Amino acid sequence: MNKSLLILKREYLTRVKKKSFIIMTLLFPLIMGALTVLPTYLATMDDKEERTIAVYDPTSLVLNKLESNQFTKFHYIPEQEYQGLKTDFKSGKYYAILYIPENIITTSRAEMISDKQITFDIKNLVTNRIENIIEGDKRKAVVDQTGVPDLEKKLAATKTSITVETIKLGEEGKAVKSSTEIAMAIGYVAGFLMYFFVLMYGLMVMRGVMEEKTNRIVEVIISSVKPFQLLFGKIVGIGLVGLTQISIWIILSIAIATGVGSFVGHGSHETVVQAQNIMASQGVDQIAAAAPEKTNATLEILHMIGGLNIPLIIFAMFFYFICGFILYASFYGAIGSAVDSDEDAQQMMMPVMMPLIFSIIILFAVAKNPEGPLAFWASIIPFTSPIIMVARIPFGVPAWQIILSMAILLGSIMGSIWMAGKIYRTGILMYGKKVNLKEIVKWLFYKN
Amino acid sequence: MDIFQANNVVKEFVGHVALSSVSITVKEASIFGLLGPNGAGKTTLIRIINQITAPDSGELFFEGRPIRSEDISQIGYLPEERGLYKKMKVGEQALYLAQLKGMSKRDALKSLKYWFEKFEIQAWWGKKVEELSKGMAQKVQFITTVIHEPRLLIFDEPFTGFDPINTNLIKNEILELKKNGTTIIFSTHNMSSVEEICDHIALINQSKKILDGQIDQVREKFKTNTFEVIYRGDTPDLDNHLGANFKVLEHITNEHQKQMKVKFLNGNSNNELLKILMNQFEIVSFKEIIPSMNDVFIQVVEQNNREIKL
C-alpha cells in the first residue's frame, strides 16, 4: 500500500505542479467571474463625460423645458447659430445638435446631428425627455378639457407593476423564496461541470496509462508493484487533481459571488438614490423605474441562491464527481492499456463517450422538466447519473431517489474497477497487436 | 547454492503455448545466459521470474524456498523494451523508481549519488529525460535497475543503444556485480558477449528448453573433431596422402597464407594427422576448432526446428 501511495503522490504532484494546471485553475474562475462582473460593473458605472447638446427649437415646444443633468447639458441656440453649426460643426464645441422640427407633433420625429456616433444612453435620455415633455403637455390639455378634479393624480395612481414570487416549502414548512430559473441555471451549470470534469479527468487517466505503455516504462514499474496498484494509484492521484481543481474553483466562485454581491448591493443603493432624485425633480417615474428594478433583481438572485440547499449541492457535486470519475476513469484506463496508438484509442473510446454525450444532450430537457421519467431514469442509471442527478439536485430530489442513485453508482464502480484491473493487467504488456472488443472481453477471464 | 530454480514451468496464452515444462537452475553469484530466438518464450519466463505473470503450472524457488511476492524487492529487472517518463527529471525519476523498489528516500539518495558519480552523470540530475540521448537514458535505466542492490538481476539485451565504450563500461559493471555476489540472468542475441561473460546458458526454442549447461562444456559438446592447420611450403596432393580417415573440408591458399580445415572421420588421434602432415610441409599452427556460441545456437535451433517439423 505504501507503494500505491508513492505512485499516487507522483501522479498528483507531476500534474498539480504543471504550469498549465496552475494557470487553468486560477484563470478559469477569474474569467468566469469577469464575464459576470464586467457587464454589471460597466452597467452601473456612470458615464462621467460632460456633454453639451445644442438645441434648436423653432416650435418652442421644449424650449427651456429640457432638464440638464450633471453630465448632459442642453443649450438653446437661435436659427443663425444652428445654420452655422450645420455647415461647420467643429466651431461649436457641442457634442450634438438637437433639432426639433415644426411638425414634430404630427411626425413624431426629431433630429440629432453630430460628427460622431451618438451613444445609446444619450439618445435614450433625449428621446425620453422630449417624450415626457410632449406627453405632459398633451395630458395637461386633456385634463384641462375634461375638468375632472385631480385627474392627473388619479391617472398616475393607475400605474401597476406585479412580481410573482415562487415560494418553496422547506422541511419544517418553512417557506423559502425560490426561483425556478435559478435552480435551472445552477442545475444546468453543475451538470455541465460534471460532464466537463468526468471527461477531462477520465481522459487524463487514459493518456497517463498510454504514456506509460508507449514509453515502455510500465514493465519496469510492474516488476516493482502490482499492475493493479499502479492503476489504482494513477486513478486516485488524478482524481485528487480533479478534486483540487473543483475545490479551488468552488472557493473562488464563492469569493467572487460574495464580492459581486456586495458590489451590486452598494451600486444599487446609489442608483436608487439617483432615481429618486430624478423622480422628485420631474415627477415622472418611468425612466427611473427600470434601473433599480434591474439591480434589485441581482440582489434577489443572490438571496435565492442562498435559499437553495447549497451544502447538498456541493456534497452531490463531490460525490458524483468522485464516483463518476472512478467509473469512467476505470473504463478509460482499461482502454489506454489495450491500445498502442491514439487512433486505436479514438476508436475504442466511442462506446464510452456515448453515455456522456447523451447526458449532455438530455441535460437541457432535464433542467426544464426535472421530475419527468427521462430525468428520473437518467439520474438512476450509473453512466448518466453523475451528470443528470447533479443537474436535478437544485430543484429538490426525493431522498430515496438520491440514495438509490448513489448506491447503484457505488456498486457499478466496484464492477468497473474489477473489470479495469483485469483488462489493464493483460493489456499493458500487449504490444503490436490490434485489439478489438471481443479480445478485451476474453482478457476478463484470463487467469492471472 | 541455487538462488533461483524453476521446475516444469508451463504458460499458455490463448492459441499458443509460451512455455512448456521449462526448468532452469541459476547458481548464486554466477551469470546465467538465457538464449533463444525471437518469440521462443524468454520474455515470458523472465516475466514469470519477476512475478509480472504467474505460470499455469510449475514451481518457482528463490533461495531454496518457494518464491514469495516480497522477493521482488530482491530482484532487479531491466526489460528489453524499457523507457522512462519523458517529462520527469532524471534525479526525481531515479529516486521514484528506487523508492518503488522499497528503498527509503535517504538510502536511495545516497546510492544514487554514488552511482551518478561513478558514471560521471551528476550534471544530468536536474535534466528532463526527453533531453537525454538514448545511450544516456540507458545508463540511467541501468542505475535504477541495480540501485536497490538486489540479489538477482535480470538484464534483457542490456547493451542495445550503447556505443562500444559504454558497452564495455556496463559489461565491467556486470562482472563487478557478479564478483560482489550478485546473480545475473542475462538474455541477449549477442553471442560473443555470451561467450565473454556467461557461466551457464539455457537455450529455449519454441517454448521448450533444448539445451543447457556450463558454457565451456556446451561448446565442447558441439565440437566436430575439426582442426585448422596453417602451413608453409608447397601445397601437396593431400587426398592421396591423408587416406580414408581424414577429410579436407576447406583449403585456402594465397600469397599470404596457406590454411586448411581437416575433419577426423573416425576416432583418430591428433598425432596421427600431425605425423602425416609433418612429412608434407612446415606446420605454422595446428588447433582444434571449438564452435562459437553463435554456431552452437544456429546449429541447435535449426536442428530442433527441423525435428519439430517432422
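In strand β13 of chain B, the bridge partner of B:T253 is B:K258; strands here are DSSP runs of E with at least two residues, helices are runs of H or I with at least four, and both are numbered from the N terminus. The model is a predicted one, in which local features need pLDDT of at least 70 and side-chain atom pairs count only at pLDDT 80 or more, while totals for chains, interfaces and linings use all residues. Residues are numbered from 1 along each chain as its sequence is written, and chains are lettered from A and ligands numbered from 1 in the order in which they are written.

β13(B), residues 258-264, runs antiparallel to β12(B) and is joined to it by seven bridges, where two strands are taken to pair if DSSP finds at least two bridges between them. Both strands belong to an open, antiparallel sheet of four strands in chain B, with the order β12-β13-β11-β14. Because β12 (246-253) and β14 (282-288) of chain B stand at the edges with a single partner strand each, one side of each is left without a neighbour in the sheet. From one strand to the next, the twist averages 20 degrees. Helix α9 of chain B, residues 270-278, packs on this sheet and touches β11 (226-232), β12, β13 and β14 of chain B, its direction making about 160 degrees with that of β14(B). Contact between two residues requires that their C-beta atoms, placed from the backbone, lie within 7 Å; axes are lines fitted to C-alpha atoms, for helices over the stretch in contact, and angles run from 0 to 180 degrees between N-to-C directions.

Elsewhere in chain B, helix α2 and helix α3 (residues 105-118) pack at an angle of about 125 degrees, with their axes 9 Å apart. The two helices, α2(B) and α3(B), are therefore oblique to each other, a class left for angles that are not under 35 degrees (roughly parallel), over 145 (roughly antiparallel) or 65 to 115 (roughly perpendicular). To this contact α2(B) brings B:A94, B:L95, B:A98 and B:Q99, and α3(B) brings B:K105, B:A108, B:L109 and B:L112.

The contact between the chains takes 20 residues from chain B and 16 residues from chain A. On the side of chain B that touches chain A, helix α2 (residues 90-100) of chain B gives the most, with four residues.

Chain B is divided into domain 1 (2-220) and domain 2 (224-288), with bounds that come from an automatic or database domain assignment. The centres of these two domains of chain B, taken over C-alpha atoms, are separated by 45 Å.
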